[in-house]
Structure formats: C-alpha cells, structure tokens
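Please open the model in your viewer and keep the sequence panel beside it. The tour below moves from one selection to the next and says what to look for at each stop.

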Amino acid sequence: MSQPPLRIVEGMLTTENADGSVNVAPMGPKVDEGFTQFLLRPFPGSRTYENLLRQGKATFHVTDDVAMIAQAAVGDLLTEPTFLPSSAAGYHVLENCCRWYQLEAVEVETTGERAALTCRVVAAGRQRDYFGLNRAKHAVLELAILATRVHLLPAEEIDQAIGMLTPWVEKTGGPAEIEAFAFLQNVIAQRRNAENGARESS
C-alpha cells in the first residue's frame with residue numbers, strides 16, 4: 001500500500017541558537033495527513049540549518065498570525081515573541097500559535113541544494129482555534145514570499161502580483177492584515193532602491 005502524499009504547510013519554526021537564544025523563522029515543511037511526520041528543508045548557511053544540524057530539534061507552529069510570518073520572512077521581527085514555559089530542553093513554543101509540534105530529526109541528508117531532515121513528533125499541543133480561510137491572510141503570505149525574491153524576480157512580475165493581491169486585503173482583511181501588507185510593500189520598495197543603487201554604483 002502506497003504512502004499518502006506529503007503536503008506543504010506554511011508556519012513558523014523555532015530552533016535554539018548556540019548561545020541558548022531562540023531563532024524564529026518561517027518554514028513550509030512537508031507533512032503527512034495526520035501531522036505525524038515532517039520533512040524540513042532548510043537552506044545551507046541559514047541559522048535554522050545550523051541549529052537543526054547541531055541539535056536535531058525544532059518546534060513547528062501552525063498559526064494564522066500572518067504579520068509575524070511576514071516580519072520573520074524578511075528578517076525584521078518588530079515585536080519580540082513570547083514563549084510558553086517548557087521543561088523540554090531545546091524546544092521553544094510560541095505563545096501566539098494555534099497548534100505546535102516538537103520535532104526530532106531521525107534522518108538527515110545534506111548533499112542536495114537544500115538539506116532534508118525527516119522528523120518525528122515527540123510532543124504536540126493546541127493553543128487556540130485557527131481563524132479559518134481568509135484571502136487577506138493568504139495575500140500577506142504570498143507577498144512575504146515575493147519580498148524575499150526581489151533580487152530574483154522582475155519588478156513587473158512583483159507589481160502585477162501586488163495589483164492582484166491588494167483587493168483581497170482591502171475587501172477581506174482586518175487591521176493586522178492591512179498593516180502587514182503595507183509593511184511588506186515598504187520592504188519591497190526599500191530592497192528595490194538598494195538593488196538600483198548597487199547597480200548604479202557598479
């Protein structure tokens with residue numbers, strides 16, 4: 001009998017830095033239907049990658065807090081996150097999440113462009129209900145991804161996407177989504193200016 005396919009779920013991953021502090025980063029692992037197996041694929045050189053290879057531990061969070069995802073995606077968490085008390089060494093659970101899964105790597109492959117860590121769930125919990133499907137939240141998530149690719153994508157492609165996503169935020173978003181969307185637009189503009197300045201000075 002064939003195994004059910006794994007699907008990507010976007011969320012937040014926490015890992016422990018070498019100095020004991022917490023690294024918070026967006027992550028889209030592949031998971032099975034029952035959330036019992038996770039496949040993490042961090043990029044080499046990232047802090048998440050280094051922490052996972054050193055400890056083999058992480059906590060994945062399902063969350064509808066797209067503002068936090070957006071800020072973490074561009075490396076600019078405006079508000080320091082808070083964590084639940086935990087007695088499990090190396091694991092850090094974000095207080096503002098819907099569900100959390102503490103993971104332990106059981107298989108590690110580092111030969112490809114991205115590492116592949118197959119993880120088992122050692123503990124899990126629920127904080128609150130997920131808000132539900134909302135186009136504004138999805139729009140913020142999509143723009144956050146685009147904001148990390150300003151140096152890779154044509155400006156016209158990003159502008160076209162912003163034009164498509166803006167009505168979703170205006171019609172279905174609340175203050176948090178509207179603010180996060182504006183924040184990401186500002187980040188994109190700043191990164192474009194930096195790219196243009198670098199080209200002009202070269």
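## Starting inside the helices

Begin by selecting Ala 139, which touches Leu 165, Trp 168, Val 169 and Phe 181 when residues up to four places away in sequence are not counted, a contact being heavy atoms within 4.5 Å. This is a predicted model, in which local features need pLDDT of at least 70 and side-chain atom pairs count only at pLDDT 80 or more, while totals for chains, interfaces and linings use all residues. Residues are numbered from 1 along each chain as its sequence is written, and side-chain values use heavy atoms, with hydrogens and water left out.

Ala 139 lies in helix H3; helices (H or I, at least four residues) and strands (E, at least two) are DSSP runs numbered from the N terminus. Is Ala 139 buried or exposed? Ala 139 counts as buried, because its relative accessibility is 0%, and the cut-offs are under 20% relative accessible area for buried, over 50% for exposed and partly exposed in between, with a 1.4 Å probe and protein chains only. If you draw a C-alpha to C-alpha distance from Ala 139 to Phe 181, the two are 7.9 Å apart in space, although 42 residues apart in sequence.

## H3 against H4

Next select helix H3 (residues 135-147) together with H4; the two pack at an angle of about 155 degrees, with their axes 8 Å apart. Axes here are lines fitted to C-alpha atoms, for helices over the stretch in contact, and angles run from 0 to 180 degrees between N-to-C directions. H3 and H4 are therefore roughly antiparallel to each other, since angles over 145 degrees count as roughly antiparallel, under 35 as roughly parallel, 65 to 115 as roughly perpendicular and the rest as oblique.

H3 passes H4 in a left-handed crossing, the term for a near helix turned anticlockwise from the far one by less than a right angle, with clockwise being right-handed. To see the contact, show Arg 135, Ala 136, Ala 139, Glu 142, Leu 143 and Leu 146 of H3, which meet Ile 158, Ala 161, Ile 162, Leu 165, Trp 168, Val 169 and Thr 172 of H4. These residues divide into ten nonpolar, one polar and two charged, where Ala, Val, Leu, Ile, Met, Phe, Trp, Tyr, Cys and Pro count as nonpolar, Asp, Glu, Lys and Arg as charged, and the others, Gly among them, as polar.

Now look at helix H4 (residues 155-172) with helix H5 (residues 175-201), whose axes come within 11 Å and cross at roughly 170 degrees. H4 is therefore roughly antiparallel to H5, and their crossing is left-handed. Among the residues in this contact are Ile 158 and Ile 162 of H4 and Phe 181 and Ile 188 of H5; by class, the contact has eight nonpolar, two polar and three charged residues.

While H5 is displayed, pick Arg 199, which lies in that helix and counts as exposed, because its relative accessibility is 52%.

## The enclosed helix H2

Select helix H2 (residues 66-73), where seven of the eight residues are buried, so this helix is largely enclosed by the rest of the structure. The buried residues are Val 66, Ala 67, Met 68, Ile 69, Ala 70, Gln 71 and Ala 72, and what covers them includes E2, E3, H3 and H5. Just after H2, Gly 75 takes a positive phi of about 70 degrees.

## H1 and a buried asparagine

Move to helix H1 (residues 47-55), in which Thr 48, Tyr 49, Asn 51 and Leu 52 are buried. The buried residues of H1 pack against E2, E3, E5, strand E6 (57-62) and strand E8 (116-126).

From Asn 51, step across to Asn 17: their side chains make a polar contact at 2.8 Å, meaning a pair of N or O atoms within 3.5 Å which, within protein, needs one atom able to donate a hydrogen and the other to accept it, residues adjacent in sequence counting only if both atoms are side-chain atoms. Asn 17 is found in the loop between strand E2 (11-16) and strand E3 (22-27), and it is buried, with a relative accessible area of 9%.

## Last stop

Finish at Phe 35, in the loop between strand E4 (30-31) and strand E5 (37-40). Phe 35 has a positive phi, near 55 degrees, in a residue other than glycine. Most residues other than glycine have a negative phi.
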